[in-house]
Amino acid sequence: MHHTTEHDILKESIHKLRETGVRITPQRQAVLNYMIKSDDHPTADDIYKALVDEFPNISVATVYNNLRLFKDTGLVNELPYGDASSRFDFITSAHYHVICTECGKITDFNYPALNEVETLAKHVTNFDITHHRMEVYGLCPECAENTNKS
Ligand SMILES: [Zn+2]
Ligand SMILES: [Zn+2]
């Protein structure tokens with residue numbers, strides 16, 4: 001649909017951070033880059049494990065602090081689902097999540113028609129609608145297969 005490259009998104013995000021006075025360290029840029037490339041809603045721990053070879057000084061706390069900073073700048077969402085540790089999502093376009101109740105895997109999907117629910121809600125209640133949230137739950141293909149085997 002759009003032809004913005006990951007590199008453009010990285011450049012824009014760094015610009016946005018610099019504007020708010022954030023210093024861009026190599027570690028910070030690596031965490032940001034990981035979030036842009038990732039589509040599996042990583043935890044701070046996932047990101048730490050992926051980056052520790054390249055950045056031996058990095059810690060889970062560093063990753064987490066960066067994620068909080070990106071969240072405050074509006075670059076990532078912290079997903080509010082009842083998991084042991086928070087998962088994070090780079091904000092691209094509006095999408096919904098289907099969540100595996102067995103392993104916690106989160107997959108994106110789009111359903112643009114649902115935007116009409118906001119129009120309807122405004123019409124029916126006269127509220128000034130800002131946003132809506134929806135989650136779908138079930139078993140991911142891997143967990144569904146394991147369930148069938150046992
Ligand atoms: Zn699963
Ligand atoms: Zn997502």
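Q: Starting with charges: how far apart are the mean positions of the positive and negative ones in the chain?
A: They sit 6 Å apart, for 14 positive and 22 negative charges. Keep in mind that this is a predicted model.

Q: Noted. What's the fold made of, in helices and strands?
A: Six helices and five strands. Going along the sequence, the order is α-α-α-α-β-β-β-β-α-β-α.

Q: And what box do the C-alpha atoms fill?
A: Roughly 50 × 50 × 30 Å along the principal axes. The accessible surface of the chain is about 10200 Å², and carbon and sulfur atoms hold 51% of that.

Q: How much of the chain counts as buried?
A: 29% of the 150 residues. On the contact side, take the pairs with a separation of 6 or more: 46% of those contacts come from residues 24 or more positions apart.

Q: OK, metals. Which residues coordinate the zinc ion (ligand 1)?
A: Four cysteines through SG: Cys100, Cys103, Cys140 and Cys143, at 2.3 Å. Along the chain the donors of that zinc ion (ligand 1) are spaced C-x2-C-x36-C-x2-C.

Q: Why is the arrangement around the zinc ion (ligand 1) called tetrahedral?
A: Because the four donor atoms subtend angles of 102 to 115 degrees at the zinc ion (ligand 1). The cut-off for tetrahedral is that all angles lie between 85 and 135 degrees. For reference, the ideal angle for four tetrahedral donors is 109.5 degrees.

Q: Is Cys100 buried or exposed?
A: Buried, at a relative accessible area of 5%. Cys103 counts as partly exposed, with 44% relative accessibility.

Q: Why "partly exposed" for Cys103?
A: Because its 44% falls between the two cut-offs, under 20% for buried and over 50% for exposed.

Q: Now the other metal. What coordinates the zinc ion (ligand 2)?
A: Five residues show up there: His41, His95 and His97 through NE2, plus Asp89 and Asp108 through OD, at 2.1 to 2.2 Å. The spacing of those donors along the chain reads H-x47-D-x5-H-x1-H-x10-D.

Q: Where in the chain do His95 and Asp108 come from?
A: His95 is in the loop between strand E2 (87–90) and strand E3 (96–100), while Asp108 is in strand E4 (residues 106–109). They are 13 residues apart, and the pair links distant parts of the chain.

Q: How accessible is Asp108?
A: Partly exposed, at 32% relative accessibility.

Q: And His41, where is that found?
A: In the loop between helix H2 (26–37) and helix H3 (44–51). His41 is buried, with a relative accessible area of 1%.

Q: Which residue just after H5 takes a positive phi?
A: Asn126, at about 70 degrees. Asn126 lies in the loop between H5 and strand E5 (135–138), and is exposed, with a relative accessible area of 70%.

Q: What about helix H5 itself, how many of its residues are buried?
A: Zero of its 10 residues (116–125), so that helix is hardly covered.

Q: Last one, Thr73. Where does it lie?
A: In the loop between helix H4 (60–72) and strand E1 (76–79). Thr73 is buried too, at 14% relative accessibility.

Q: Which residues does Thr73 touch, ignoring those up to four places away?
A: Lys16, Leu17 and Thr20. Gly21 is 52 residues from Thr73 in sequence and 11 Å away in space, C-alpha to C-alpha.

Notes
Residues numbered from 1 in each chain as written. Chains lettered and ligands numbered in written order. Predicted model: local features only at pLDDT ≥ 70, side-chain atom pairs only at ≥ 80, totals over all residues. Heavy atoms only, no water. Helix = DSSP H or I, 4+ residues; strand = E, 2+ residues; numbered from the N terminus. Buried < 20%, exposed > 50% of the residue type's maximum accessible area, 1.4 Å probe, protein only. Contact = heavy atoms within 4.5 Å. Areas by Shrake-Rupley, 256 points an atom, 1.4 Å probe, with all protein chains shown as cover. Lys, Arg positive; Asp, Glu negative; His and termini not counted. Charge placed at Lys NZ, Arg CZ, Asp CG, Glu CD. Donors = N, O, S within 2.8 Å, 3.2 Å for Na, K, Ca; no water. Tetrahedral: all angles 85-135°; square planar, octahedral: opposite > 155°, others 65-115°.
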